[in-house]
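Welcome! Take a moment to look over the sequence and the model below, and then we can walk through them together.

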Amino acid sequence: MQVAITCRHGSVSSSAQEYMSRKAEKLLTIFDRVTSIAITIDFSNGKCTVEILVDAEHRHDLVAAETDAEATTAFDLALHKMEQQLRKYKEKIQDHKRGPGLSDLPLKATESPDEE
């Protein structure tokens with residue numbers, strides 16, 4: 001899985017990039033079919049906007065964006081939104097409406113109870 005971090009109109013320190021990359025890779029614990037993560041940090045008008053794009057298998061990109069004064073705070077808020085989206089998507093694709101198994105079906109009426 002690839003984590004790509006890009007900055008517009010500014011830059012972030014290498015320690016902040018490493019922090020973001022490490023935290024973004026933890027999205028795999030929620031949903032293991034993530035193929036790539038793109039983090040875009042935009043510095044404009046004294047604020048920082050962080051946008052996270054997650055490409056999941058058999059799904060269009062999931063997007064979460066957040067704005068704050070600091071890049072790491074905006075990233076943490078956007079990451080929380082992305083975690084919620086991935087959990088909701090994972091719950092949606094799981095098959096919870098399966099019918100009862102063969103062992104759960106009632107027995108046929110061919111066996112009559114003992115009538116003494």
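The chain has three helices and four strands, where helices (H or I, at least four residues) and strands (E, at least two) are DSSP runs numbered from the N terminus. Starting at the N terminus, the elements run β-α-α-β-β-β-α. This is a predicted model, in which local features need pLDDT of at least 70, side-chain atom pairs count only at pLDDT 80 or more, and totals for chains, interfaces and linings use all residues. Residues are numbered from 1 along each chain as its sequence is written, and side-chain values use heavy atoms, with hydrogens and water left out.

**The chain overall**
- Of the 116 residues, 26% count as buried; buried means under 20% relative accessible area, exposed over 50%, and partly exposed in between (1.4 Å probe, protein chains only).
- Among contacts (heavy atoms within 4.5 Å) between residues at least 6 apart in sequence, 47% join residues at least 24 apart.

**A residue in a strand**
- You can find T40 in strand β2, which covers residues 34-44.
- T40 counts as buried because its relative accessibility is 12%.
- Leaving out residues up to four places away in sequence, T40 touches T6, R8, T49, V50 and E51.

**Two loop residues with a positive phi**
- Most residues other than glycine have a negative phi.
- H9 is not a glycine, yet its phi is positive, at about 60°.
- H9 sits in the loop between β1 (2-8) and α1 (14-25), and it counts as exposed because its relative accessibility is 65%.
- N45 is not a glycine either, and has a positive phi of about 55°.
- The loop between β2 and β3 (47-56) holds N45, which counts as exposed because its relative accessibility is 79%.
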